[in-house]
Amino acid sequence: MEFTEFARRVERVEELKGDHEKTAEVADLLSAAEDDVDVVARFVQGRVFPGWSQHKLDVGPALLYEAISLASGASEQEIEEVVRETGDPGDAAAKLEFGSQQTLGGGADTVDEVYRAFERLADESGEGSQRAKVRVVADLLMDADDASARYVARLVLGEMRVGVGEGTVRDAVAEAYDVDVEAVERALMLTNDCGRVAETARVEGEKGLRALDIEVGRPVKPMLAQQADVEDLFDDLGDEAAVEWKYDGARVQVHVDGTGEVSLYSRRMEELTESLPDVVEQIESEVEDDVVLDGEVVATEDGEPMPFQELLRRLRRKYDVRETQEEVSVEVQLFDVLYRGEALLDETLEHRRRVLEEAGGDLISPSWRESSMDGVRRVERESLDAGHEGIMAKSLDSTYSPGRRGRNWLKLKPEPETLDVAVVGGEWGEGRRTDLIGSYHLAVRGDGDLLKVGNVATGFTDEDLDRLTETFEDLVVQGDGMEVEFEPKVVFEVGYEEIQTSPEYDSGFALRFPRFLGVRRDKDVKDVDSLGKLERLYR
Ligand code: AMP
């Protein structure tokens, strides 16, 4: 397909408002593209390369304007003015003159030739690559007509702005080749390659689509989780759920091909293999060939999990990998399997877990089947004690849905533990509460003395305040203004959002948003929580 024809048709898609009309127009475009449909199915969404590909154009507006300037003769200042006027670099390019308005320059007339030019662009790296990239884009724009210039510019920046996303292309493929939309959806999930899916539908129809499968070495979108409250867990997941530790690391998809070659991909499907040679080694020695597994990489020190920041240092470091490796070691925890000789996405988690146990060697993370809140709480406690972030609860009979954030995987971060603290002072209230002590100073146990951690002024009912004021009036040891000091006799249980370090209090910590939960009559001041516990919770 000539690029000028593609541009003309995309212009029509852009003008249409309704979803059905857009889909029908895109279906027409795909049919007309014939054997260029793979490129067209991507281009119409503003994508140059397949989702799994590591190729990137890496072109920003500045480089684009330089190329427009070179091709049109307009100064960069003029170009920026037109961009401001039109509000879009593509519309700006369409307004400028690029010559004969017949074809694109640089010998690229068809969409496929434009695609090849983009491949050359992506391959440019290192010294002088900026100039070379400008040249490639300028060549494409040379001689371009308005619509072609608009869509070349937008493709370069990766945004078509015509209101066509993966969903529209999925529906359009089904319409253009008269295949089941569910078959298209499935093929997209497995291959992450809308061009290939469109081409397969065109040449082999539905049967061909159903034969498509995950390919080792081409990342699949990872399944995502939704935040939930522990209390609602069994409502969402049924009577029994898989409960796992939630690691504070980075998602990793592990591919091992038929020859044992390992590659690793991030949540955004970027290749991580080079940054994590130690993880590659662990996989090589433990994991079967010809599989795709899902997991989390976690930074550790002496076997203890380290904060996520430590891991980032490893992932950011492309060079001196070995050096950072010695500073921060990384372990992988595998929790799912997507492929073992064939895709397993349609299998239940229960089934996939059994496969994982056969394929993943010693690198599998623990998972428990729980049917009671007590059981879930126990796993949560163990996870937190081991230094992890919380728990994940998953539906045992759910399938693996790439890229979806559904209610089959729930992430449950813990309510912070409550604290039992001594009440060492207070403040008289204002306004409606002038004759009540409305705020209480709290302290934990230090080495022989009590150390302040903050004030609590919320969570009380009016009756609470009446009763407490009565109790504490008898305990005032000094203070005649607004602030009073108490003989420490009473223990409060308080909740809070977070523990922060703070120079304001002599404990060195402050509770963020503390709230009164009740008086611990069963506890004596010598039993209140210690500074050590505060430090542990803070960590
Ligand atoms: P969030 O990033 O807060 O949306 O939480 C979801 C992320 O938790 C996933 O993408 C994984 O990177 C991570 N994670 C840690 N442990 C697990 C686990 N056992 N199962 C699934 N995801 C996990």
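Reader: How far from an oxygen atom of the ligand does a polar side-chain atom of R267 lie?

Author: Happy to start there, with a note that this is a predicted model, where local features need pLDDT of at least 70, side-chain atom pairs count only at pLDDT 80 or more, and totals for chains, interfaces and linings use all residues. Residues are numbered from 1 along each chain as its sequence is written, and side-chain values use heavy atoms, leaving out hydrogens and water. A polar contact is a pair of N or O atoms within 3.5 Å; within protein, one must be able to donate a hydrogen and the other to accept it, and residues adjacent in sequence count only if both atoms are side-chain atoms. For R267 and the ligand oxygen, the distance is 3.4 Å.

Reader: Which atom of the ligand lies 2.9 Å from a polar side-chain atom of K394?

Author: R251 places a side-chain N or O atom 2.9 Å from an oxygen atom of the ligand. For K394, the ligand atom at 2.9 Å is a nitrogen.

Reader: How do the residues of the shell around the ligand divide?

Author: Ala, Val, Leu, Ile, Met, Phe, Trp, Tyr, Cys and Pro count as nonpolar, Asp, Glu, Lys and Arg as charged, and the others, Gly among them, as polar. On that basis, the shell holds five nonpolar, no polar and eight charged residues.

Reader: Which residue in β10 is the bridge partner of A393?

Author: Strands here are DSSP runs (E, at least two residues), numbered from the N terminus. Four bridges join β9 (residues 390-395) to β10, and the two run antiparallel. In β10, A393 has as its bridge partner L410.

Technical notes. Pairing = 2+ DSSP bridges.
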